[in-house]
Amino acid sequence: MATSSSNSAAGAKPNSTGAKQAGPAAEQVVAGFQRMRQEQRSLASKAAELEMEINEHSLVIETLRDVDPSRKCFRMVGGVLVERTVKEVLPALESNKEQISRIVETISTQMQTKGRELNEYRERYNIRLVGEEEGAGKAASGNQDSEGGGAKGGAGVLVS
């Protein structure tokens, strides 16, 4: 009956320690960690993209402030170029800029939360990243073996 448990994950056989392993397999820990890192990266990417939009809005707003309010102005709305006046477009741009700024603040707090979750996950499963100083990892883990087996039953996973 041991064959049914080894079929659940390819390559899990060398990492299994029999009845001692209570937590998820090392592959599952790594996959969860990578997923969380990717979520954090996508949040950072979205925040950077929105910061660029804020900068573009600011540039256009500063340019339009010096222009006659009755002058013709073209604006892209949903992929369609629309003709308006400066006095109609300027308030809409300022409003959009404020909304984007609020969204960036929300994403920033989500990134901080995700960072804390990521650090807790690393500590829980004793995850070390490739390139981290060996001395820092050893000092934090005490005399634990580099293969894992920490006091919390952590996997001691090395992630590249």
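The place of Glu 62 is helix 2, in a model that is predicted. With a relative accessibility of 46%, Glu 62 counts as partly exposed, because that class covers values between 20% and 50%. Along the chain, Glu 62 and Leu 90 are separated by 28 residues, yet their C-alpha atoms are 9.6 Å apart in space.

Glu 53 and Ser 101 are 48 residues apart in sequence, while the distance between their C-alpha atoms is 9.6 Å.

His 57 is a further residue that lies in helix 2. Is His 57 buried or exposed? His 57 counts as buried, because its relative accessibility is 14% and the limit for a buried residue is under 20%. When neighbours within four places in sequence are left aside, His 57 is in contact with Leu 93, Asn 96, Lys 97 and Ile 100.

The arrangement of the two helices may now be described. Two packed helices are described by the angle between their axes and by the distance between those axes. Helix 2 comprises residues 26-65 and helix 3 comprises residues 86-125; their axes come within 8 Å and cross at roughly 160°. Helix 2 and helix 3 are therefore roughly antiparallel to each other, since angles over 145 degrees belong to that class. The crossing in which helix 2 passes helix 3 is left-handed. The residues of this contact divide into 23 nonpolar, 9 polar and 11 charged.

| Pair | Separation in sequence | C-alpha to C-alpha distance |
|---|---|---|
| Glu 62 and Leu 90 | 28 residues | 9.6 Å |
| Glu 53 and Ser 101 | 48 residues | 9.6 Å |
| Val 159 and Ala 31 | 128 residues | 9.8 Å |

Val 159 lies in strand 4, which consists of residues 158-159. At 2% relative accessibility, Val 159 counts as buried. Which residues are in contact with Val 159, leaving aside its neighbours within four places in sequence? They are Val 30, Phe 33, Gln 34, Arg 37, Ile 127, Arg 128, Leu 129 and Val 130.

Among these contacts, Arg 128 and Leu 129 are the residues of strand 3 (128-129). The loop between helix 3 and strand 3 contains Asn 126. Asn 126 has a positive phi of about 55°, although this residue is not a glycine.

**The protein as a whole**

The protein has 4 helices and 4 strands. From the N terminus on, these elements run in the order α-α-β-β-α-β-α-β. Of the 160 residues of the protein, 25% count as buried; His 57 and Val 159 are included in that class.

The accessible surface of the protein comes to about 11,200 Å². Carbon and sulfur atoms account for 52% of this surface.

How values were computed: Residues numbered from 1 in each chain as written. Predicted model: local features only at pLDDT ≥ 70, side-chain atom pairs only at ≥ 80, totals over all residues. Heavy atoms only, no water. Axes fitted to C-alpha atoms, helices over the stretch in contact; angles between N-to-C directions. Helix = DSSP H or I, 4+ residues; strand = E, 2+ residues; numbered from the N terminus. Parallel < 35°, antiparallel > 145°, perpendicular 65-115°, else oblique. Left-handed = near helix turned anticlockwise from the far one by under 90°. Nonpolar A, V, L, I, M, F, W, Y, C, P; charged D, E, K, R; others polar. Buried < 20%, exposed > 50% of the residue type's maximum accessible area, 1.4 Å probe, protein only. Areas by Shrake-Rupley, 256 points an atom, 1.4 Å probe, with all protein chains shown as cover. Contact = heavy atoms within 4.5 Å.
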